[in-house]
Amino acid sequence: MQKFLIIVLGLFFGSITNAQSLNVVKGKVLNADTSNPETGVKVRVQKTDISGNTSDDGTFSLQNVPNGEQIIALEKEGFESQYFPVTINNNTVDLGEILFYVDLSQELDNSVITLSEDDLSDDEAGGADNVAGILQSSKDTYQRAVAFNFGQVWFKERGYDSSYGQVSFNGMPMNKLSNNRPQWSDWGGLNDVLRNQEFSNGLAASESTFGNVLGTTNFITRASLNREGGKVSYSATNSNYDGRVMASYNTGLMDNGWALSVLGSRRYAQEGYMEGSSYNAWGGFIAIEKVLNDKHSFNFTAFYTPNRRGKNSPNTQEVYDLGGVKYNAYWGWQGDRKRNSRMKEIKEPTFMLGHYWNINDKTTLNTNIMYQTGTIGNSRFGYTANNPDPTYYQKLPSYFLQHEGAEDYESAYIRTNYFLNDAPESQVMWDDLYEANALNPDATYYLYEDVNDDTTLAVNSIFNTQIDENITINGSVLYKKTSSDNYARMMDLLGADYFTDLDRYATGDEAQMDLNNPNRQVVEGDRFNYNYTIDASQLDLFAQAQFTYDKVDLYLAANYGATAYQRDGLYKNGSYADDSFGKGEKQQFPTYGVKGGITYKISGRHLLNVNAGYMAKAPSLRNTYSNSRVNQDIVHNITSEKIISVDASYRYRAPGIKARLTGYYTTFSDLNEVSFFYAQGINIAGFDLPDEVTGDSFFLNSSLTGISKKNLGAEFGAEVQVTPTVSLTGVASLGQYTYDNNPDLYIGSDQFSATYLGTAYLKNYKQSGTPQQGYSLGFSYRDPKYWWVSANANLLSHNYISISPILRTDNFYTDSFGNPVPFNDLSQEEVDNYLSQEKFDDIFLVNLVGGKSWKIKDKYIGFFASVNNLLGEQFKTGGFEQSRKANFEELSTDQNLDQPLFGNKYWYGRATSYYINFYVRF
């Protein structure tokens with residue numbers, strides 16, 4: 001009996017063991033391009049917790065796979081996911097050799113979101129900028145929806161503009177000191193060699209820098225990291241440019257230790273989406289790396305992307321009603337060609353040399369030196385007679401109808417028909433300007449360029465070491481020095497012989513733009529009007545510790561540094577003879593910050609994450625000097641900007657489902673904003689000014705100081721893999737971005753220095769420049785035969801106009817002359833009506849994208865096409881209140897007209913637009 005039981009139990013357990021050993025799925029994954037084993041591919045059984053990774057030889061083996069119909073998923077970032085249905089019945093399934101293909105749909109990622117400032121509308125847009133370019137590196141469902149579907153309406157994640165996101169090349173920060181924003185055009189058109197990226201979301205840890213609240217994007221340009229092969233592509237679109245040609249080739253790391261990457265591109269348009277907006281951009285890139293041995297490697301990178309494009313004007317609704325949403329006031333006919341008076345040209349070549357040192361298996365040191373030089377120019381008209389702008393208020397129909405009982409209907413009719421019939425008179429009349437100059441050798445009209453020539457030298461060193469399997473230490477040091485040369489350059493005298501460098505609105509010595517060279521006659525190519533340099537330096541030290549454990553991950557980081565600015569005036573301005581020439585006082589701002597984050601892993605599927613940080617950042621150059629072109633004046637009470645931010649997230653990860661829900665709260669304090677405008681209705685009775693300063697109309701430089709802002713909200717993003725080929729996405733963003741205090745407003749002009757005007761009552765007004773709520777639903781189908789299609793429906797709302805601070809001061813409630821006495825007939829209801837902030841209409845957009853790829857021998861051929869705003873909806877992306885009418889009496893008179901002469905100005909988004917790309921990769 002005892003022997004019998006032993007035999008029975010042996011057979012029983014043996015059958016169980018045999019059955020378990022038979023429930024196996026195995027195979028080998030090979031790279032389809034090279035036929036080499038592909039390591040690190042995640043292999044999992046869908047709807048179970050069974051998973052593994054391919055080994056160094058590309059093999060995998062999943063044990064204990066449940067009986068029945070199962071789907072085996074193979075996934076790796078940068079490759080197309082593959083799914084294999086199998087039937088398990090106490091057996092072993094060998095999938096054999098599996099060819100793993102590069103995800104060609106990623107061609108879409110780096111083309112639809114072009115790494116340039118193509119969609120920006122320049123500084124007048126009130127901070128509109130390419131946040132989408134920062135977010136495009138992320139694989140997070142929510143952030144990709146923001147980048148792809150929300151970017152066309154100037155959506156800013158959490159209400160932050162791009163000055164709060166850091167963009168780096170090899171750990172070297174590229175944000176401009178002038179405005180703290182990335183200059184995307186410096187690397188526009190280089191998409192195919194900028195695929196190696198490190199992205200840190202928000203306050204999350206970055207291995208090379210402390211970062212900022214919007215996160216960090218670090219482009220790594222080591223030639224050895226680029227996949228061997230070449231690519232040629234052509235794109236057609238109806239956006240800011242018509243076509244793009246790009247070609248690149250990477251050798252990969254060769255046997256002799258060298259690696260080379262090169263790229264050339266061009267983007268062009270005789271006329272972009274907006275009328276009169278030409279576009280011409282070139283791009284060149286080279287990276288050469290030499291691997292000396294296992295310890296040391298050197299990489300040289302150079303890129304140059306000169307570009308020149310025509311700007312488009314913001315307009316009042318009256319102008320859009322007359323000329324359509326594509327109307328652009330900056331161009332006109334000169335002979336038989338369209339000529340834009342507002343051209344932006346950027347030429348800033350960049351050179352970098354990096355040394356990579358593998359000190360040991362756990363410690364690395366990367367040191368880089370960067371040199372960048374070049375110019376940014378923005379052209380515009382100068383004039384001493386009537387304004388040549390075709391939308392100048394005295395040229396619009398409303399101007400001739402403003403006086404009841406004295407309407408000039410004939411002139412209004414003529415001007416209306418100019419616009420309705422697209423007559424030359426509805427645009428800049430270039431020929432008329434030449435004719436006016438023919439009457440006098442001293443130019444009445446001329447075209448000049450505001451020039452910013454920056455030369456930057458920077459060095460950084462990035463240290464990483466792994467203490468043990470749980471602790472990693474990161475650190476870096478950065479020193480950056482910039483010399484910024486700023487001046488006006490005469491571009492075209494429009495037929496005149498010269499221009500005398502005088503301020504025509506001043507007299508005597510005050511009219512001289514440079515007392516050291518009075519009455520100077522300027523010819524084309526000369527500097528004039530203003531001329532100064534600013535020397536800027538930046539030092540930053542960064543340290544971070546990261547801890548990784550089974551249930552908890554956390555990090556702690558800190559940085560400390562300083563930023564300094566010093567202006568050196570090269571002209572002695574007549575209005576500021578004592579405060580314009582020579583070096584001013586050096587301005588120094590301490591910069592520092594601390595942040596930390598913790599992730600608690602409830603289980604493999606449920607994670608909680610919290611990040612918090614406090615930081616002090618230097619103000620930009622633009623917001624440090626109140627009027628740097630003509631004097632040394634510093635914004636009153638200026639100090640480092642302070643940021644406090646906290647966010648908390650719940651993440652869910654399961655087979656076929658991934659989701660994130662985040663709440664955030666951020667405050668900004670001690671901010672400053674400098675602006676310039678002409679205003680009527682300024683009460684100077686309380687100012688301590690000379691008797692000769694009279695009137696109520698001035699061209700002002702305005703400094704809004706001590707601003708506080710508050711940004712809070714929630715984000716949700718989810719992706720569900722319904723079937724191996726079909727996925728659904730859902731995204732929601734609910735934000736509330738407001739001014740959080742009542743800052744101080746200072747004003748100055750050529751007739752008086754910066755003077756305190758009073759408190760600007762801005763608290764609880766909405767921040768502008770972005771929809772504060774957004775929602776998206778998406779569907780995607782990816783066929784195993786390498787074609788795909790996706791569609792998204794998007795709703796964006798709560799976008800507000802940029803308000804005028806001067807209208808929210810006590811000046812608004814006073815007469816233009818004498819003592820500040822409130823208007824007797826002013827009611828609170830009328831005030832609320834005139835000072836209410838305009839809210840733009842909600843925007844509903846449908847976007848489609850699809851593509852197909854083929855492999856022909858060892859080459860890939862493919863195309864994709866996208867259509868944005870399929871339904872052709874017209875919508876406003878941004879705008880601003882004009883500050884011309886600065887008190888209630890002036891504003892109410894204007895606003896009560898059928899068509900206000902100085903109404904709000906807007907930008908409109910594009911109607912239906914497309915992007916088509918064809919490519920060959922070999």
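Start with the open sheet: 4 strands in the order β9-β8-β11-β10, with mixed pairing. Strands here are DSSP runs (E, at least two residues), numbered from the N terminus. Two strands pair if DSSP finds at least two bridges between them. This is a predicted model, where local features need pLDDT of at least 70 and side-chain atom pairs count only at pLDDT 80 or more, while totals for chains, interfaces and linings use all residues. Residues are numbered from 1 along each chain as its sequence is written, and side-chain values use heavy atoms, leaving out hydrogens and water.

Now select β8 (165-169) and β11 (215-219). They run parallel and share 5 bridges. Find Ser168: opposite it stands Asn218 in β11.

Turn to β8 and β9. This pair is antiparallel, joined by 2 bridges. Phe169 stands opposite Met172 in β9. The hairpin has 2 residues between the strands, and Asn170 has a positive phi near 55°.

Is β8 buried or exposed? Of its 5 residues, 5 are buried (under 20% relative accessible area, 1.4 Å probe, protein chains only). Gly165, Val167 and Phe169 lie on one side; Gln166 and Ser168 lie on the other.

Last stop: select Asp509, Glu510, Asp691, Glu692 and Asp750, which form a negative surface patch. Patch residues have over 30% relative accessible area and no salt bridge, with like charges joined within 9 Å. A salt bridge puts a side-chain nitrogen of Lys or Arg within 4 Å of a carboxyl oxygen of Asp or Glu. Zoom in on Asp750, in the loop between β37 (744-748) and β38 (755-759).

How values were computed
Patches are made of residues with over 30% relative accessible area and no salt bridge: like charges are joined within 9 Å, nonpolar side chains (Val, Leu, Ile, Met, Phe, Trp, Tyr) within 5 Å. Accessible areas come from the Shrake-Rupley method with a 1.4 Å probe; for residues, only the protein chains shown count as cover. Lys and Arg count as positive and Asp and Glu as negative; His and the chain ends are not counted. The place of a charge is taken as NZ of Lys, CZ of Arg, CG of Asp or CD of Glu. Buried means under 20% relative accessible area, exposed over 50%, partly exposed in between (1.4 Å probe, protein chains only).
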